[in-house]
Amino acid sequence: MLLAIDVGNSNIVIGCLDGGDIKLAFRLRTDILQTEDEYASNISGILAFNGIPRDEFGGAIISSVVPPVTGAIRGAVKMLAGLDALVVGAGVKTGLNILIDDPAQLGGDIVAAAVAAAVAYEPPVIVVDMGTATKIMALSKNAGFIGGAIFPGVALSMNALSSGTSQLPKVPIEAPKRCISANTVDCMKSGAIFGNASMIDGMIDRFEDELGGKATTVATGGLAGAIYKHCRHDIAYDPYLVLRGLGIIHGRNRKK
């Protein structure tokens, strides 16, 4: 079994993959102050609760956009399973043809999502990853990674709105009954859900214009489930796209 870990700015997503199948996936809060012992204890407890022995794992892989946490997670994996986790970065074989100005700038999570999308979907492909930031990425007709766009995520935007104003409260990220809402809370929900769905629809249109035709679109990330179903484009939903990509990358780097 493979232990795949994606360290994001808000959450750490951990998956147990068996032959490409995700047997278990769970989230921890990203905390730069936690030690490797604390992370190991938290992960071990969740695995035990779900009946997965620590000695089941034959490999581990990490993608991270939070460098201060990467070492702690890598140390936690070593303590937990006795494994030296592969960290997605320079020197790791991905099989992805990266065509941007500086490939070193590409986060490991984006690489993993793109790798999985290139395998699972017919190119050209647009990947919408909705987490702390919303990242929209494009794979060309030849499945080359050609770039994308980044803007503030839904939760980040809503937190900024409530903290930066005197009378606007924090609201749950859920759809109201109508786009034209009649009270403050529903108006904010409408902006969060329908506003972001419309933004994604508009970006897909612009991406397809530059790609030269229709593209397969897949949504992933912790907040995508609340948004994609309100888009007017046909969008596939894969909440574990990054974990699947990590599994593929690990397989491509496994020593024969």
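Hi everyone, let's begin at the start of helix α5, where a side-chain oxygen of Asn183 comes to within 3.3 Å of the backbone nitrogen of Val185. Do keep in mind that this is a predicted model.

From there, α5 runs over residues 184–211, 28 residues in total. Its first and last C-alpha atoms are 39 Å apart, close to the 40 Å expected at 1.5 Å a residue. Just after α5 comes Gly212, with a positive phi of about 90 degrees.

Now, on to the cores. The largest nonpolar core has 29 residues, and those touching the most other members are Val127, Phe145, Leu241, Leu246 and Ile249. Two or more residues come from each of β1, β2, α3, β6, β7 and α7. Helix α3 gives the largest share, eight residues.

Let's stay with Phe145 for a moment. What does Phe145 contact, leaving aside its neighbours within four places in sequence? Its partners include Leu96, Ile98 and Ile100, then Leu106, Ile110 and Ala114, and also Met137 and Leu139. There is also a second, separate core of 26 residues, with Leu3, Ile14, Leu47 and Ala76 among them.

Finally, two backbone details for you to look at on the screen. Most residues other than glycine have a negative phi, and most peptide bonds are trans. In the loop between α3 and β6 we find Pro124, and the peptide bond from Pro123 to Pro124 is cis, with omega near 0 degrees. Then there is Ala143, in the loop between β7 and β8. Ala143 is not a glycine, yet its phi is positive, about 65 degrees.

Thanks, everyone, and over to you!

Technical notes: Residues numbered from 1 in each chain as written. Predicted model: local features only at pLDDT ≥ 70, side-chain atom pairs only at ≥ 80, totals over all residues. Heavy atoms only, no water. Helix = DSSP H or I, 4+ residues; strand = E, 2+ residues; numbered from the N terminus. Expected span 1.5 Å × (residues − 1). Polar contact = N/O pair within 3.5 Å; in protein donor to acceptor, adjacent residues only side chain to side chain. Core = buried A, V, L, I, M, F, W, Y, C linked by side-chain atoms within 4.5 Å. Buried < 20%, exposed > 50% of the residue type's maximum accessible area, 1.4 Å probe, protein only. Contact = heavy atoms within 4.5 Å.
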